[in-house]
Amino acid sequence: NFGYYDVEIDAVARVLYDSLSAPGFKSISVVKCENIVEHASLSPDGKIAIIGDRVGGIEVLDTKTFSLKRKFKAHESQIATIAFSNDGHLVATASHDNNEKLKLWDTVDYSCVKEIPIIGVRHIQFRSDDKQLLIASDDSIAVIWNIEEDKPHIILSHQQNAIVDARFSNDNSKIVTTMYMGGCCLWDASTGSFIKQLDFYPSLNVSHEIHKTNRPDGYKPGFPYMHSCVFTPDDRCIVIPQESGNVLFYDYNNDIVKDSCKVHEGSIHSLNYNNRNRTYITSSVDGTGCVWNPEDSIFISLKGHTGSVTNGELSDDGKIALTVSGDMSVRIWKRDKLDDIGVYVYLNHLSEIMDVSSTTDYVACASSHDSLVFVVNPMEHQLIRKITPHHSPINAVSFSGNGQRLLTSSKEVAYLWDINTF
């Protein structure tokens, strides 16, 4: 629990753990990051992570070397969503500012190649051939945008409810939209015609009288709040996350729940499906992500966050996963085998980090403005000791070769500490 305090967070530190051939962590380094992370996305090949912050900034991270490849200002306010094209050549970003447009960026030089005049964007998905964008908006619409012609192809309008998520079926023939506290709808992707609102209330033992209740915000009491729904690999069912941590496999042609499985201990916040490796990744308020495939009996829990996990993504080869959390952290998980997982993590800090030193057991971080040194156990994510001897900004920390002494220094004085007793 390094650096998680009930105070305003104005800086973030990044800590990386290189995965070994066997479970465990090898090396650690820390670099500073100026702003709190709001959203992040993983490239299809898993080599690049795009991280969006609270003030509209974007950082491009190499997931192999963990080096910062590029940093630039994309929007004027916090990043709402980020999405890569399937070929990895473009990335789309949108902010929470209703005066800002959705933007497309070239992933070679990260120049802005297109601005799309849609505001209030909640979710973006590229169609499998990358010719169209599917955009979910607060304006109660979902737009299929033709990228080459640079104009809307089809507009799906629900009128009564903000659309928080929209997904193509795997064959691109249908679209499922998820509405703000109001269920999901099925559409024909080629014509934009409304097919049906998915009525799985009987399967959830919720009365139709409740189902018919109308409120100005579109919320139906008793309905499980959902952030996203996706199609199964054969496109015959919709996968529906629930507050219980279960997911339902709903046969929309016959209006029945065909199956369900337990994935989390708390409400599921996001659900993504990677068609190339036929694997799902979910995030939950229980503080975990989960990589799973019920057909192959794969359920891998991604544990380490200290707050609600708000999003998760998976690379096409299934070896890299990304999770975003309300604890203000982004973690990149690397695995060669199903149980070999390494992690790259943003950890909150109270102010700018000036220096870092590490041993096989501990990491020491020097904080400038609040004149603190934090000593943590990175394997257990535990704060071992908070040292406050200095009265001015700390400029350096260093462990001795045997790891038994820690030297801290500021402008006026240096202290030598016994690591066992402090």
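This report walks through a predicted model of a protein, from its overall make-up to a few single residues.

## The overall picture

Start with the inventory: the protein has 37 strands and 1 helix. There are 422 residues in the protein, and buried ones make up 56% of them.

As for how the chain meets itself, take the contacts between residues at least 6 apart in sequence: 39% of them join residues at least 24 apart.

## The largest nonpolar core

Which residues have the most contacts inside the largest nonpolar core? They are L102, L104, I116, I124, L133 and I135, in a core of 16 residues. The elements giving two or more residues to this core are β8 (90-95), β9 (102-106), β11 (121-126), β12 (132-137) and β13 (141-146). Another core lies apart from this one; it has 14 residues, including I175, M179, W187 and A189.

Setting aside neighbours within four places in sequence, I135 is in contact with L102, I116, I118, V121, H123, I141, A142, V143 and W145.

Is W145 buried or exposed? W145 counts as buried because its relative accessible area is 6%, and the cut-off for buried is under 20%. Leaving out residues up to four places away in sequence, W145 touches I116, P117, I118, K131, Q132, L133, I135, D150, K151, P152 and H153. One of these, Q132, is 13 residues from W145 along the chain, yet their C-alpha atoms are separated by 5.4 Å.

Now hop over to W105, which is found in strand β9. W105 is buried too, with a relative accessible area of 6%. The C-alpha atoms of W105 and A92 are separated by 6.3 Å, with the two residues 13 apart along the chain.

## Partners along the chain

How many residues apart along the chain are I332 and L42? The count is 290, but their C-alpha atoms are separated by 8.8 Å. I332 is found in strand β29 (residues 330-334), and at 0% relative accessibility I332 counts as buried.

P241 gives another example, this time in strand β20. The C-alpha atoms of P241 and S228 are separated by 7.5 Å, and the two residues are 13 apart along the chain. P241 is buried, with a relative accessible area of 2%.

D150 has a positive phi of about 55° although it isn't a glycine. Where does D150 sit? Its place is in the loop between β13 and β14 (151-157). D150 is partly exposed, with a relative accessible area of 35%, and D150 is also one of the residues that W145 touches.

D235 also has a positive phi, near 65°, and is a residue other than glycine. You'll find D235 in the loop between β19 (230-231) and β20 (237-241). Is D235 buried or exposed? D235 counts as buried because its relative accessibility is 9%, and buried means under 20%.

## The second largest pocket

How much space lies in the second largest pocket? The volume is about 280 Å³. The pocket is lined by 14 residues, and the closest to its centre are T232, D234, C237, F249 and E295.

Two strands each supply at least two residues of this lining: β21 (246-251) and β22 (256-262). Sorted by type, the lining residues divide into 7 charged, 5 nonpolar and 2 polar.

Methods:
Residues are numbered from 1 along each chain as its sequence is written. This is a predicted model: local features need pLDDT of at least 70, side-chain atom pairs count only at pLDDT 80 or more; totals for chains, interfaces and linings use all residues. Side-chain values use heavy atoms; hydrogens and water are left out. On a 1 Å grid over the protein atoms alone, a cavity is a set of points where a 1.4 Å probe fits but cannot get out, and a pocket is an open set with protein on both sides within 12 Å along at least five of seven lines; lining residues have an atom within 4 Å of a point. Grid points are joined across faces, edges and corners, and a volume is the space filled by probe spheres set on the points. Helices (H or I, at least four residues) and strands (E, at least two) are DSSP runs, numbered from the N terminus. Ala, Val, Leu, Ile, Met, Phe, Trp, Tyr, Cys and Pro count as nonpolar, Asp, Glu, Lys and Arg as charged, and the others, Gly among them, as polar. Buried means under 20% relative accessible area, exposed over 50%, partly exposed in between (1.4 Å probe, protein chains only). Contact means heavy atoms within 4.5 Å. A nonpolar core is a set of buried Ala, Val, Leu, Ile, Met, Phe, Trp, Tyr and Cys residues joined through side-chain atoms within 4.5 Å.
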